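Welcome! Take a look at the structure first, and then read on.

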Amino acid sequence: MALNIGIPKKDREQVARHLSKLLADTYSLYLKTHSFHWNVTGPQFNSLHAMFETQYNELWLAADEVAERIRTLDVFAPGSYSQFAKLSSVKEEPGVPEWKEMVAQLVEGHEIAAATARDTIKAADKAGDEGTADMVTGRLKEHEKTAWMLRSLLK
């Protein structure tokens with residue numbers, strides 16, 4: 001049965017391409033945050049270990065929400081490391097930086113995800129996809145807030 005939610009297929013596919021980038025950024029940021037949770041050391045260990053855990057759990061749930069929105073639009077969601085690597089703008093960290101660099105990288109990652117969210121909202125608005133725009137607006141606010149909270153640790 002064909003999907004008939006009031007958004008033409010080509011528009012749904014365009015929005016899904018943007019959502020796929022957001023999913024890749026989210027998942028890449030999840031992996032980085034989880035790694036930093038495991039590997040953080042230094043005087044900020046307790047607070048950062050707990051903060052990173054809260055953040056990676058939130059990102060894990062967010063990835064699922066974004067992927068399910070892609071499926072709601074009747075497009076298959078990317079789900080492999082190679083697909084995410086091609087789509088994500090969040091840089092991978094192959095090593096274990098000191099805690100300030102971890103925080104700085106996570107600020108950058110959340111700012112990247114926020115920018116991707118903004119682009120996705122614009123595409124959703126153009127397609128008349130209020131459901132996606134609403135969901136991604138929440139994601140945008142969460143990335144901006146998290147970047148602010150992390151950035152405050154570096155002052």
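A crossing of two helices is called left-handed if the near helix is turned anticlockwise from the far one by less than a right angle, and right-handed if clockwise. This is a predicted model, where local features need pLDDT of at least 70 and side-chain atom pairs count only at pLDDT 80 or more, while totals for chains, interfaces and linings use all residues. Residues are numbered from 1 along each chain as its sequence is written, and side-chain values use heavy atoms, with hydrogens and water left out.

**H1 and H5**

- The crossing of H1 and H5 is left-handed; helices here are DSSP runs (H or I, at least four residues), numbered from the N terminus.
- The axes of H1 and H5 (residues 130-152) come within 13 Å and cross at roughly 30 degrees; axes are lines fitted to C-alpha atoms over the stretch in contact, and angles run from 0 to 180 degrees between N-to-C directions.
- That angle makes H1 roughly parallel to H5 (under 35 degrees counts as roughly parallel, over 145 as roughly antiparallel).
- On the H1 side, the contact (heavy atoms within 4.5 Å) is made by Val-15, Leu-19, Leu-22, Thr-26 and Leu-29, and on the H5 side by Thr-132, Met-135, Val-136 and His-143.

**H1 and H2**

- H1 (residues 9-39) and H2 (residues 45-72) have axes that come within 8 Å and cross at roughly 160 degrees.
- H1 and H2 are therefore roughly antiparallel to each other.
- H1 passes H2 in a left-handed crossing too.

**The largest nonpolar core**

- A nonpolar core is a set of buried Ala, Val, Leu, Ile, Met, Phe, Trp, Tyr and Cys residues joined through side-chain atoms within 4.5 Å, where buried means under 20% relative accessible area (1.4 Å probe, protein chains only).
- The largest one has 36 residues, and Leu-19, Leu-23 and Phe-52 are among those that touch the most other members.
- H1 supplies the largest share of this core, 10 residues.
- Leaving aside neighbours within four places in sequence, the contacts of Leu-19 include Val-66, Ile-70, Met-135 and Val-136.

**A closer look at His-110**

- His-110 is found in helix H4, and counts as buried at 2% relative accessibility.
- His-110 and Tyr-30 are 80 residues apart in sequence, and 10 Å apart in space, C-alpha to C-alpha.
- Beyond its neighbours within four places in sequence, His-110 is in contact with residues including Leu-29, Leu-59 and His-143.

Technical notes
Helices (H or I, at least four residues) and strands (E, at least two) are DSSP runs, numbered from the N terminus. Angles under 35 degrees count as roughly parallel, over 145 as roughly antiparallel, 65 to 115 as roughly perpendicular and the rest as oblique. Buried means under 20% relative accessible area, exposed over 50%, partly exposed in between (1.4 Å probe, protein chains only).
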